[in-house]
Amino acid sequence: MYTPELERIPCVIMRGGTSKAVFLLNNDLPADPEARDRVILAIFGSPDSRQIDGLGGADPLTSKVAIIAPSDNRDADVDYTFGQVDIKTSYVDYSSNCGNISSAVGPFAIQQGLVRAVEPVTRVRIYNTNTGKIFEAEVPVKDGRPCAKGDYKVDGVPGTGARIGLNMAGTIGAKTGSLLPTGRPRDEIEVKGLGRLTVSMVDAGSPMVFVRAGDLGLKGTESPAEIDGNPRMLELLEEIRTTAAVMMGIAPDQETARKKIRAVPMAAFISPPQSYESHIDGTAVAAGDVDFLSRDMFMQIMHKTYSGTATVCTGCAAVTPGTVVHEAMGKDIACGPVRIGHPGGVIECDMAVEGGVIVKAAYGRTARRIMEGYVYVPRDILDSLIEKEK
């Protein structure tokens, strides 16, 4: 139905891992970056704490956009741009990738006809514009369509689904140029309100800064509610994150990191194996089921499970001697899974190291197409952009 006050834009809503995103084709958006972002903000209903006038879910894990296009890169099938749509401000952050949403890119590309379906597994080569790196997704296919049903379980997602494999070893150093941006597995930083603190700064998947939970006065088993309800701890973790952002060369100063580069580096606190309960459903996680615990901060609150890119970075940190993550694991792994205990359960990163070089950093996710159709944005937004161009 034609509505003169509204402009319709084709879209698909997909779950990827433990996150959800609005998928848009690049050609359906304005070419001008500023105009594109204003349209995206309107699609999500930002800025508004409830995102009540758009498709956003009022949570960082559901306020994400994926922009897809056929790739001109001969080594890739599709280009993929990830955007973290801020909820309370008029800002879309393109400074990093999202590993969970990455798992939905392959199924989307196949379903849209951008990649030819090959049974039983279609390999989709994805160029991530945020990092300038290519990774590959292995998507189960049946009858020419991506499979949604399967027996693979992702902690933090109801039920099971078809396993999508992603190898992101090629993303090492994507943001800073090297696995260890400072050239060291550990650094000492000065943190306001705490003093000197030992951290490990690592860049793979998405850059992260790791700290021992005990050095923050934490157990390492804390739930999102415990940390998110502790303003002092949130402030301290943000101070660590922004200090690392400057040292890693990601931001010129801490103020820029606070306001404009909020997604990376992610901060995580690490502890040795111990038993706890999933905050999602109360399922017991035994100390013997994990190699260490990690709690990942994302957009200044604790991730309710664990992000895909954080899984890659944490796995790489775990197999790098000298890091606080390797220390917490307490053993060497040259080939095989690294088991990370997160607030919602356990996630594995399958690692392989050859001659001191990480050649594999892979994890499994599931994804599902939830809705396809049109999203309507106020026509006056586009009209105002046209007038501005004149």
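Me: Where is Gln51 in this predicted model?
Reply: Gln51 lies in the loop between H1 and E3.

Me: Why is Gln51 called buried?
Reply: Its relative accessible area is 1%.

Me: Which phi does Met299 have?
Reply: Met299 has a phi of about 55°, which is positive, and this residue is not a glycine either. You will find Met299 in the loop between strand E16 (292–298) and strand E17 (301–302).

Me: How do you know whether Met299 is buried or exposed?
Reply: Happy to show you! The relative accessible area of Met299 is 10%. Exposed would need over 50%, while buried means under 20%, so Met299 is buried.

Me: Now the prolines. What makes the bond between Ser46 and Pro47 cis?
Reply: Look at omega: for the peptide bond joining Ser46 and Pro47 the angle is about 0°, and the bond is cis. Pro47 sits in the loop between helix H1 (33–44) and strand E3 (64–70).

Me: What is omega for the peptide bond from Glu119 to Pro120?
Reply: Omega is near 0° there, and this bond is cis. Pro120 belongs to the loop between helix H2 (99–111) and strand E6 (121–128).

Technical notes
Residues numbered from 1 in each chain as written. Predicted model: local features only at pLDDT ≥ 70, side-chain atom pairs only at ≥ 80, totals over all residues. Heavy atoms only, no water. Helix = DSSP H or I, 4+ residues; strand = E, 2+ residues; numbered from the N terminus. Buried < 20%, exposed > 50% of the residue type's maximum accessible area, 1.4 Å probe, protein only.
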